[in-house]
Amino acid sequence: MADRKTTKKSLPRGRPRKFDADLAIRTAMILFNQRGYEAVGVSELCNEIGITPTSLYAAFGNKYGLFERVIEAYVAGPANFVGTALASAKTVDKAIEAVLKAAAIAYTEDEKRPGCLVLDCELKVEQTAALELIAAKAKATQAVISARLQKLGAADPQAMALFVMTIMRGLSAASRTGSGRADLFKVIELAMQGVGSGVE
């Protein structure tokens, strides 16, 4: 009798743990950020998230579907600093500096996912749909920067936006290879010395 009671007590009670899509996206974000799109397989994603391939496919369709959700979450979350930084600046040089410093902070905020998932994936992704997705996000960010710089009176807003994006790519790469926030701020300080006011 005692053995039977012990067995009954040891059985799990209640419903199985509900699939947490947000947790799956956060976990996948780290994996994709660390190793890129192609290098992360479905089996590894499932193992790290704690789900079966069937559950992954049911929730996201396929690996690309999960990647798409990850990018959308990244743009809306860790990478949403661009608009805020631009809105608070009143001059071209201050806008550029604000964006670059915000990028440096974002790229060093979480040691599990250093750098920029979008900008870094541009160099790592070969799958057409995934590449087009991140390229579109990078292009949209550059367009936002250009529009704001134009409104602030930049002489060549498109070129200056490209300058900002190029520096951001460099900051992202540096953070991935061990450079800390203070190091990135020094790079930004040097970059700003050549910017000037950037107005007509």
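This is a predicted model: local features need pLDDT of at least 70, side-chain atom pairs count only at pLDDT 80 or more; totals for chains, interfaces and linings use all residues.
## Cysteines

Start with the sulfurs: there are 0 disulfides in the structure. Take C116, which is in no disulfide; its nearest cysteine sulfur belongs to C121 and sits 8.6 Å away.

How accessible is C116? It's buried, with a relative accessible area of 6%. C46 is buried too, at 3%. Both values fall under the 20% cut-off for buried.

## Helices α6 and α9

Helix α6 covers residues 81-88 and helix α9 covers residues 128-151. The two pack with their axes 11 Å apart, at an angle of about 5 degrees. Angles under 35 degrees count as roughly parallel, and α6 and α9 are therefore roughly parallel to each other.

Which residues make the contact? On the α6 side they are V82, L86 and A87, and on the α9 side T141, V144, I145 and R148. Sorted by type, the contact residues come out as 5 nonpolar, 1 polar and 1 charged.

## S179 in its loop

S179 lies in the loop that links α10 (157-176) to α11 (181-193). Is S179 buried, exposed or partly exposed? With a relative accessible area of 25%, S179 is partly exposed.

Setting aside neighbours within four places in sequence, S179 is in contact with T108, A174 and L184. T108 is 71 residues away along the chain, yet the C-alpha atoms of S179 and T108 are separated by 8.7 Å.

Technical notes
Residues are numbered from 1 along each chain as its sequence is written. Side-chain values use heavy atoms; hydrogens and water are left out. A disulfide is a pair of cysteine sulfur atoms within 2.5 Å. Buried means under 20% relative accessible area, exposed over 50%, partly exposed in between (1.4 Å probe, protein chains only). Axes are lines fitted to C-alpha atoms, for helices over the stretch in contact, and angles run from 0 to 180 degrees between N-to-C directions. Helices (H or I, at least four residues) and strands (E, at least two) are DSSP runs, numbered from the N terminus. Angles under 35 degrees count as roughly parallel, over 145 as roughly antiparallel, 65 to 115 as roughly perpendicular and the rest as oblique. Contact means heavy atoms within 4.5 Å. Ala, Val, Leu, Ile, Met, Phe, Trp, Tyr, Cys and Pro count as nonpolar, Asp, Glu, Lys and Arg as charged, and the others, Gly among them, as polar.
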